[in-house]
Amino acid sequence: GNLVLQRRVHLRTAELRRALDDLRGSQNRLQIILKAAPIGIGVLVDRRILEANDMLCSLTGYTSAELVGKSTRALYPSQEEYELVGRELYGQIARDGHGLMEVNGLTKSGQVMRWLIGGAPLNPERPSEGLIITARDITERRKQEEALRVSREYFSTVFDAINDGLMIHDPATGKLLDVNRRLCEMSGYTREE
């Protein structure tokens, strides 16, 4: 009887060792993924940071030691922005199981940046266990989009102000892409026509 029990204990111990090795391997792979990810990733519980990858530290200007345990309130330029994220992002997560939104973020140095943040619960069955959040700096993209919008408005204003009839067409198809106000007046057609 003792030999049978010893054999069972030995087999069970071997199974547990294999499971522990598999778990360590999974944890190592996860740590490598977090290091390699080109996006800030963190784990939050009750809006406190429990873990932060290198990219999240780089994005915020804090070290991992400074971020861990910190309330996410420190990462927003105002209480209103913090509350907006609480309503909008957390509302999306509660409703859809994930969320995504643009926010103004605050770095350690006090610089306000535009971030795209996302989140999903660690355990969809028990969202109170925490969230995985992602953050990406989209400040430059927003600046470029605004510059493009201003440039288009300027072009449109100049294009329409010219007192000669102008048209832009696709050379391959001959289709008109745009016409100015003066060409509409001269031809009797509307811009849409």
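Predicted model: local features only at pLDDT ≥ 70, side-chain atom pairs only at ≥ 80, totals over all residues.
1. Residues are numbered from 1 along each chain as its sequence is written, and side-chain values use heavy atoms, with hydrogens and water left out.

2. The sheet is open and holds 5 strands in the order E2-E1-E5-E4-E3, with antiparallel pairing, where two strands pair if DSSP finds at least two bridges between them. Strand E2 (48–52) and strand E3 (99–106) stand at the edges with a single partner strand each, so one side of each is left without a neighbour in the sheet. From one strand to the next the twist averages 35 degrees, the angles running from 0 to 180 degrees between N-to-C directions of axes, which are lines fitted to C-alpha atoms and, for helices, over the stretch in contact.

3. Strand E1 (residues 40–45) pairs with E2 over 4 bridges in the antiparallel sense; Leu44 has Ile49 of E2 as its bridge partner, and Val43 has Glu51 of E2. E1 is also joined to E5 by 5 bridges, again antiparallel, and here Gly40 is partnered by Ala135 in E5. Because 5 of the 6 residues of E1 are buried, this strand is largely enclosed by the rest of the structure; buried means under 20% relative accessible area, exposed over 50%, and partly exposed in between (1.4 Å probe, protein chains only).

4. At the other end of the strand order, E3 and E4 pair in the antiparallel sense over 8 bridges, with Gly99 opposite Gly119 in E4. Their hairpin has 5 residues between the strands, and Gly110 takes a positive phi near 95 degrees.

5. Helix H4 (residues 79–96) lies across E1, E3, strand E4 (112–121) and strand E5 (131–137), running at about 165 degrees to E3. H5 packs on the sheet and touches E3, E4 and E5, its direction making about 120 degrees with that of E4; contact means heavy atoms within 4.5 Å.

6. A search of the whole structure finds 15 salt bridges, each being a side-chain nitrogen of Lys or Arg within 4 Å of a carboxyl oxygen of Asp or Glu. One of them joins Glu66 and Lys108, whose closest N and O atoms are 2.6 Å apart. Since Glu66 lies in helix H3 (residues 64–67) and Lys108 in the loop between E3 and E4, the pair ties together parts that are 42 residues apart in sequence. Glu66 is partly exposed at 31% relative accessible area, and Lys108 is partly exposed at 44%.

7. A network of salt bridges links Glu102, Arg114, Arg141, Arg142 and Glu145. Arg126 and Glu129 meet in a salt bridge of 2.5 Å, N to O.

8. Tyr154, which lies in helix H5 (residues 139–161), counts as exposed at 60% relative accessibility. Together with Val158 and Ile162, Tyr154 forms a nonpolar surface patch with about 290 Å² of accessible area. Patches are made of residues with over 30% relative accessible area and no salt bridge, like charges being joined within 9 Å and nonpolar side chains (Val, Leu, Ile, Met, Phe, Trp, Tyr) within 5 Å; accessible areas come from the Shrake-Rupley method with a 1.4 Å probe, and for residues only the protein chains shown count as cover.

Note on methods. Helix = DSSP H or I, 4+ residues; strand = E, 2+ residues; numbered from the N terminus.
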